[in-house]
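Let me put the model up on the screen, and then I'll walk you through it.

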Amino acid sequence: MFFVDTLEFEGLGNRSYLAGGPSSAVVVDPPRDIDQVLAAAARRGTRIAYVAETHLHNDYVSGGLELARVTGARYLVPAAAAVSFARTPVADGDTVTVDEGLVLRALATPGHTPHHTSYVLEEDGRGVAAFTGGSLLIGSVGRPDLVEPRLTEQLARAQHASAHRLAEELDDEVPVLPTHGFGSFCSSSQADGDASTIGRERKTNAALTRDVDGFVADLLAGLDDVPAYYAHMGPANAAGPAPVDLTPPGPADAGQIARRLAAGEWVVDLRNRVAFAEGHVAGSFNFEGAGQPATYLAWLIPWGKPVTLLADTAEQVAAAQRELVRVGIDRPAAAAVGTPREWVPEGEEPRSFPRAAFADLAAVRDRGHDVDPGESVDRGEDVNRGESVVVLDVRRDSERANGYLDGSVHIPVHELPRRIGEVPAGEVWVHCAGGMRAAIAASFLDAAGRTVVAVDDGFDAAAAAGLTLVRPGTD
């Protein structure tokens with residue numbers, strides 16, 4: 001009897017899989033922090049005999065090489081992937097025996113990358129699971145534009161063909177088990193549900209319901225910005241990632257934090273956005289530990305810049321470390337646990353800025369500057385009304401295309417650090433779709449000395465608050 005265990009990594013929106021039988025198993029697309037995979041195998045009481053990569057990943061650093069070294073497993077990597085380490089190259093049709101009656105078969109499914117390979121787990125000759133990596137996702141496919149711009153359309157067409165090959169070779173009841181699609185920017189769109197089968201995808205996935213020309217046109221039109229750190233992931237995976245060090249970073253006191261800021265290093269506050277707004281170290285940036293700190297921090301930070309972590313607890317620091325090593329930020333320069341008053345030099349006070357809802361923004365716009373300077377916007381916090389109000393939208397282009405606030409300025413959050421000088425003068429009310437990215441942007445604006453209000457509200461509330469929305473493409 002076979003099993004398939006799913007290992008979820010919500011911060012990156014990815015999944016890995018442990019699959020096999022009572023004696024031995026295969027791990028597909030493992031994370032860099034392999035201790036979780038080893039623990040999953042130990043719970044099953046099974047030996048990891050194979051580690052399989054569907055492709056050289058662009059959104060995270062793989063733990064496959066280290067997992068194979070630690071366990072003695074054979075490391076299966078697509079033969080066409082150019083790597084600098086010893087591995088077992090696999091080509092279309094190759095098979096390995098995972099356990100008694102269980103065979104893993106490789107299927108060439110180019111599209112997400114030229115060398116992309118899916119794996120079908122077969123029990124007694126019958127397909128029982130399809131590990132589709134970045135090929136066929138749940139309701140979508142992996143994006144084809146991460147390798148080389150000149151190959152994008154060619155790879156998009158290959159995605160269509162690969163999806164059809166999977167549908168043609170596998171029975172309807174075979175589960176589709178992708179690596180991407182659960183929040184990862186490697187997906188061309190987010191997963192349509194949590195689980196699927198070949199039969200379901202055959203009825204609902206555009207790659208299987210649309211003709212190739214229509215599918216490719218829509219796929220290419222829907223592609224959004226690529227996170228900047230992706231440029232470093234493929235080369236790291238091709239070179240062979242080093243083992244990770246998750247031991248606690250050295251402690252930082254107020255003086256060291258100040259010196260690191262003065263040296264141009266990044267100080268990142270992992271606390272929730274409410275706590276950060278109420279009080280924080282001047283010049284620090286807010287990347288909530290409960291959000292997607294690895295994705296957005298890695299996207300915005302100049303690559304290689306030292307980073308010091310601030311948090312409520314040591315557990316929060318440890319969780320962030322684990323997230324960061326997955327995207328190649330291996331060691332924080334230092335860390336501090338406690339409160340903002342402990343992190344600022346003696347005699348100084350933490351900085352703060354107000355939070356608001358879209359209803360508050362509507363009230364400010366309606367009344368212009370005829371608002372008392374001491375009037376509360378959120379929880380008794382004061383806002384300076386002496387400046388004109390600038391509304392800054394930090395959502396992505398694709399989100400703004402569906403509607404935006406009339407008169408708002410648009411700078412996606414991942415572009416803000418290098419474009420902050422483009423934000424017009426005035427009091428900046430910054431919003432996103434739900435509040436997390438607005439908090440990141442507000443921290444950057446605050447660090448730059450701007451007067452800022454973080455709109456901590458869902459964008460759906462804007463119209464209900466009476467704010468005028470512009471919807472492109474409508475009369």
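Predicted model: local features only at pLDDT ≥ 70, side-chain atom pairs only at ≥ 80, totals over all residues.

Residues are numbered from 1 along each chain as its sequence is written, and side-chain values use heavy atoms, with hydrogens and water left out.

On confidence: pLDDT is the predictor's confidence in each residue, from 0 to 100. The chain averages 93, and 94% of the residues score at least 70. Residues 369-386 stay under 50, and the model has 38 contacts for them beyond four places in sequence; a contact here is heavy atoms within 4.5 Å.

Now the sheet. Helices are DSSP runs of H or I with at least four residues, strands are E runs of at least two, and both are numbered from the N terminus. Six strands make an open sheet, ordered β1-β2-β3-β4-β5-β6, with mixed pairing; two strands pair if DSSP finds at least two bridges between them. β1 (3-9) and β6 (88-90) are at the edges with a single partner strand each, so one side of each has no neighbour in the sheet. Inside it, β2 (14-20) and β3 (24-28) run antiparallel, joined by 4 bridges, and Y17 has V28 as its bridge partner in β3.

How many of the 8 residues of β10 are buried? It's 7, so β10 is largely enclosed by the rest of the structure. Buried is under 20% relative accessible area, exposed is over 50%, and partly exposed is in between, using a 1.4 Å probe and protein chains only.

Last stop, α8 (254-262). Its buried residues are A254, Q256, I257 and R260. They cover an arc of only 165° around the axis, which puts them on the same side of α8; that arc is taken over directions from the helix axis to the C-beta atoms. They pack against β12 (266-269), β14 (307-311), β15 (334-337) and α12 (340-343). R259 and A262 are exposed on the face turned away from the buried side. Just after α8, G264 takes a positive phi of about 85°.
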